[in-house]
Amino acid sequence: MMLGQYQFKPNVYALLTLFLLCSVFIRLGLWQLERAIEVTQEVEGQKQSFDKQLIALSSDTVDPSSLLNQRVSLTGHFLVDDQILKDNVRRNSKIGYKVLTPFRVQNSQLTILVNQGWVQKTQSGLPDTYCP
């Protein structure tokens, strides 16, 4: 094929590479769209959980999957010595820690990991975290 005074001779390997890359990028774009739909549905589920009735938990025989996006009330205490700080969590372009604290339910062997939120990283080392 002639383009002006230049002759276009496509290389088979270059065409195959181009086709492969286009296929990969199209698939990645579709994956991004699927993921966006999943995240939107998850956020909607969390928003709907604010309107749900508060459930008082007191039993060891609770199915954890039934508590997804469910508001619960517990009586017990935090296990502050077993607290977890997840390092290098970004929030608003700042680096910090996600604070996760186990909560032992009163009169039960049930322990639940509670997300206490985010704390900004300081120059002095580990942050002081408050546990109610």
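Author: The chain exposes about 11000 Å², and carbon and sulfur atoms supply 57% of this area; accessible areas come from the Shrake-Rupley method with a 1.4 Å probe, and for residues only the protein chains shown count as cover. This is a predicted model, in which local features need pLDDT of at least 70, side-chain atom pairs count only at pLDDT 80 or more, and totals for chains, interfaces and linings use all residues. Residues are numbered from 1 along each chain as its sequence is written, and side-chain values use heavy atoms, with hydrogens and water left out.

Reader: What makes the chain more spread out than a compact globule?

Author: The pattern along the sequence is β-β-α-β-β-β-β-β-β. The radius of gyration, taken over C-alpha atoms, is set against a globule rule of 2.2 Å times the number of residues to the power 0.38. For 132 residues the rule gives 14 Å, whereas the chain has 26 Å, well over that value, so it is more spread out than a compact globule.

Reader: How do you know that the span of helix H1 agrees with its number of residues?

Author: Helices are DSSP runs of H or I with at least four residues, and strands are runs of E with at least two, numbered from the N terminus. The expected span is 1.5 Å times one less than the number of residues. For the 38 residues of H1 (residues 12-49) this gives 56 Å, and the end C-alpha atoms are 56 Å apart, which agrees.

Reader: Why are S7 and S8 called paired?

Author: Two strands pair if DSSP finds at least two bridges between them. S7 and S8 (residues 111-120) have 9 bridges, in the antiparallel sense.
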